[in-house]
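Me: I am new to this structure. Can you show me how to read its features?

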Amino acid sequence: SSRGLAPQQPPAPDDPSAQRRALLEAVIPADWQRFRQREPVFDSELFWVEAGPRDAPTVLMVHGLGSDGLRSLLPSLQALVGRYRIIAPDLPGFGLSEQPRGHYSPTRYARLLHWLVKQRAGKAVVVVGHSMGGAVALRFAGILIFHAEMTAARLFARERIAAHELTEFDEIRHAASFSSA
């Protein structure tokens, strides 16, 4: 389960990574919800923010390259937050998310977004990506289309099987009616 973040203690003066994390955290508006959760794609801790009315249309914002992650999108996020529900992650390896081992790719990031949307959105989302985030958004759309096509194919296959079973049943019933006559 995801959890909101409690206020953190100030970093030790001699810890540059803690100072950097504190700076990254400080620029996020105080009224935005902050979350951390272990995610299954990279098996790392993912950081993201959510803001805006829960019943508004949801916009998933995906940042581009750059170690600051979602902070590069802050002006856009702040412009949208009054009318939309915003979900904005720091992709693994960026911002306040962990730097996992393994292969980074738009496809893996898209799988991560798919997981995040299933966890947090609960409805349709508009995906906006900047730079590398645009490539990730396109892969995300491809994953959704693939899942929709596979679901449609499974439904079609079930209907064909059901139609075949019904036809077989009718043939058996018809044959039985001739034999009993």
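Reply: Gladly. Keep in mind that this is a predicted model. Start with the pocket. Helix α1, residues 16-26, gives the most to the lining of the largest pocket, with three residues.

Me: What is the volume of the largest pocket?

Reply: Rolling a probe the size of a water molecule over the atoms shows where empty space is left. Here the largest pocket has a volume of about 200 Å³. Its lining has six polar, four charged and two nonpolar residues. Among the lining residues are Arg20, Arg21, Arg36 and Glu45.

Me: Which residues have the most contacts inside the largest nonpolar core?

Reply: In soluble globular proteins, nonpolar side chains tend to be buried together. In this model the largest nonpolar core has 21 residues. Leu60, Leu91, Tyr109, Leu113 and Leu116 have the most contacts inside it. The largest share of this core, seven residues, comes from α3. Apart from it lies another core, of 16 residues, including Phe47 and Leu96.

Me: How many aromatic pairs does the structure hold?

Reply: Five. Take phenylalanine 35 and tryptophan 48. Their ring centres are 5.4 Å apart and their planes are at 15 degrees, so the pair is stacked. Phenylalanine 35 sits in strand β2 and tryptophan 48 in strand β3, 13 residues apart. Both phenylalanine 35 and tryptophan 48 are buried.

Me: Are phenylalanine 42 and tyrosine 109 buried or exposed?

Reply: Both are buried. They form a tilted pair, 5.3 Å centre to centre, with 40 degrees between the planes. Phenylalanine 42 is in the loop between β2 and β3, tyrosine 109 in helix α3, 67 residues apart. With Phe94 and Tyr104, Phe42 and Tyr109 form one aromatic cluster.

Technical notes
Residues are numbered from 1 along each chain as its sequence is written. This is a predicted model: local features need pLDDT of at least 70, side-chain atom pairs count only at pLDDT 80 or more; totals for chains, interfaces and linings use all residues. Side-chain values use heavy atoms; hydrogens and water are left out. On a 1 Å grid over the protein atoms alone, a cavity is a set of points where a 1.4 Å probe fits but cannot get out, and a pocket is an open set with protein on both sides within 12 Å along at least five of seven lines; lining residues have an atom within 4 Å of a point. Grid points are joined across faces, edges and corners, and a volume is the space filled by probe spheres set on the points. Helices (H or I, at least four residues) and strands (E, at least two) are DSSP runs, numbered from the N terminus. Ala, Val, Leu, Ile, Met, Phe, Trp, Tyr, Cys and Pro count as nonpolar, Asp, Glu, Lys and Arg as charged, and the others, Gly among them, as polar. A nonpolar core is a set of buried Ala, Val, Leu, Ile, Met, Phe, Trp, Tyr and Cys residues joined through side-chain atoms within 4.5 Å. Buried means under 20% relative accessible area, exposed over 50%, partly exposed in between (1.4 Å probe, protein chains only). Rings of Phe, Tyr and Trp (its six-membered ring) pair if their centres lie within 6.5 Å; planes under 30 degrees apart count as stacked, over 60 as edge-to-face and the rest as tilted.
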